[in-house]
Amino acid sequence: MRRKLVIGNLKMNGSITANQKLFAGVMAGVADLRNADYALCVPYPYLCQAQSLMQGSNVAWGAQNLCANEDAALTGAVSPAMLVDYGCTYVIVGHSERRIQLHETDDTAATRFNAALNAGLTPVFCMGESKEERESDWTEYVVGRQLDSIIRRYGAELLTKAVLAYEPLWAVGTDIPATPEQAQEVHHFIRKRVARCNAEVAENVRILYGGSVQTENAPALFAMPDIDGALVGRCSLEAKAFVGICQAANQV
Ligand code: PEP
């Protein structure tokens, strides 16, 4: 039985003052929710704050990216070891906003995925198709290619220490979530593709759905057999909304 997992992606939002309120609200809201796992992925400058305020609680924290390179001569980069220093559990890898706006590729995402694992972090590997790709019936081709970019290089076994996230681009930040059936179809495809390499890993790997998840639509999404939780953008900026999604995960 896979435990549900809800991860907030704060993106480039927050301030020391706003985070204090958000972290306190989330910690208080999920303190008694013991049936699922919860985390917030914060911007780098707030990792220290996340560590000092959330350690000892049942909310884990993480980052939204990492550099695959341990070489110290790389201005502006943050290494996997630095994330470990700040107690991160998770790190998001290959988010569509980085793939599109910062030109990250399957190759660079795969390298970061591996670097995270080597450092003992849990990568949350994002995959998803654009609206045009879905309309052209390319969803499985695109998601399959993204998944294969890690499986072909590093093998399916490493997925036992990772989390996968299906985030259709047309649903991220749009208020047009995938229906539970649409999401389930792709999650099932992902699990089947992992199962081709290793059935046991496929059974255990957690596959999160991301894209306009809210308190209202979370229960129906979480009721789907292959949806193991959510990666949440906007609704992670407000404790009440995020806790509502966590409560739905806790109840399944
Ligand atoms: C995201 O960016 O990962 C995301 C899912 O955003 P939102 O929940 O705002 O659609």
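Which residues does Ser-130 touch, not counting residues up to four places away in sequence? In this predicted model, the answer is Leu-169 and Trp-170. Ser-130 sits in the loop between strand 5 (122–127) and helix 6 (131–135). Its relative accessible area is 13%. Buried means under 20%, so Ser-130 counts as buried.

Now turn to helix 2, which spans residues 47–54. Four residues there are buried: Leu-47, Gln-49, Ala-50 and Met-54. Viewed down the axis of helix 2, the buried residues fall within an arc of 160°, so they line one face of the helix. An α-helix has 3.6 residues a turn, so residues three or four places apart point the same way. What do the buried residues of helix 2 pack against? Their partners are helix 1 (16–30), strand 2 (36–41), strand 3 (59–63) and helix 3 (80–85). Just after helix 2 comes Gly-56, with a positive phi of about 90°.

Some contacts can be followed atom by atom. The side chain of Lys-11 places an N or O atom 2.5 Å from an oxygen atom of the ligand. For the side chain of His-95, the corresponding distance to a ligand oxygen atom is 2.9 Å. Ser-212 uses its backbone: an N or O atom there lies 2.8 Å from an oxygen atom of the ligand. On its own, the ligand has 290 Å² of accessible area, and the protein covers 99% of it.

Methods
Residues are numbered from 1 along each chain as its sequence is written. This is a predicted model: local features need pLDDT of at least 70, side-chain atom pairs count only at pLDDT 80 or more; totals for chains, interfaces and linings use all residues. Side-chain values use heavy atoms; hydrogens and water are left out. A polar contact is a pair of N or O atoms within 3.5 Å; within protein, one must be able to donate a hydrogen and the other to accept it, and residues adjacent in sequence count only if both atoms are side-chain atoms. Accessible areas come from the Shrake-Rupley method with a 1.4 Å probe; for residues, only the protein chains shown count as cover. Helices (H or I, at least four residues) and strands (E, at least two) are DSSP runs, numbered from the N terminus. Buried means under 20% relative accessible area, exposed over 50%, partly exposed in between (1.4 Å probe, protein chains only). Contact means heavy atoms within 4.5 Å. The arc is that of the directions from the helix axis to the C-beta atoms.
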